[in-house]
Amino acid sequence: MRLVFIGPPGAGKGTQAEYLIKKYHPAHLSTGDMLRAARDAQTEVGLKANEYMSRGELVPDQIIIDIIAERLNADDCAQGFLLDGFPRTIAQAEALDEMLTKNGTPLDIVLELKVPEEELFTRLAGRGRADDKPEAIRTRLEGYRTQTSPLLDYYGTKGLLVTIDGLGTVEEIFDRIQTVLDKIA
Ligand code: ADP
């Protein structure tokens, strides 16, 4: 199964991704995790990316596209993958399409986890990660609205988008996801 998971910061994507991986075993490609690992290892790319992350801004497309292009070539992706946090811009989505078309491995589905914005701010403010300061949170939510939400139309037009209601308990939400994925698995 090859899927993209889209949702605003604070939607609970990370938690649902964990459940999903336990059940369906795709390779987990979280660009947030990759960038934080690169930052903590103080690699050149990691330090550069951190300038953007700490402000809540997206890192430049080419940095993240290069990281994903390399990661998608790893053996574990042959059994399927979950892209979590990528693509986040139309340019990234187009680059991804190009890579997957070239490899003959198109996406099966794009899941959107939908949560109202008022709820997101409350959740993020209570989480306490380094980029969860109010100003950075506002920037990330704004970035989602302006740069990432256009992807919903992009994938909707391709007939790949399925929207999941992200309000409820973790188990309720995962049930909704399973109902969708069991049909295509
Ligand atoms: P969030 O909880 O805000 O969804 P992530 O853990 O997915 O955060 O990502 C944290 C930060 O890493 C983002 O705010 C952004 O700076 C950077 N980042 C992650 N994925 C991407 C991407 N695809 N394009 C650009 N920047 C990204």
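**Rings and ligand site**

Modeller: Tyr154 is buried, with a relative accessible area of 17%, where buried means under 20%, exposed over 50% and partly exposed in between, with a 1.4 Å probe and protein chains only. This is a predicted model, in which local features need pLDDT of at least 70 and side-chain atom pairs count only at pLDDT 80 or more, while totals for chains, interfaces and linings use all residues. Residues are numbered from 1 along each chain as its sequence is written, and side-chain values use heavy atoms, leaving out hydrogens and water.

Tyr155 is buried too, at 0%. A search of the whole structure gives two aromatic pairs (ring centres within 6.5 Å; planes under 30 degrees apart are stacked, over 60 edge-to-face, the rest tilted). In one of them, the ring centres of Tyr154 and Tyr155 are 5.1 Å apart with planes at 85°, so this pair is edge-to-face. Elsewhere, Arg55 lies over the face of Tyr52, 5.6 Å from the ring centre, the criterion being NZ of Lys or CZ of Arg within 6 Å of the centre and within 35 degrees of the ring normal.

A nitrogen atom of the ligand is 2.8 Å from a backbone N or O atom of Gly85, and a polar side-chain atom of Arg88 lies 3.0 Å from a ligand nitrogen atom.

Definitions and conventions:
Rings of Phe, Tyr and Trp (its six-membered ring) pair if their centres lie within 6.5 Å; planes under 30 degrees apart count as stacked, over 60 as edge-to-face and the rest as tilted. A polar contact is a pair of N or O atoms within 3.5 Å; within protein, one must be able to donate a hydrogen and the other to accept it, and residues adjacent in sequence count only if both atoms are side-chain atoms.
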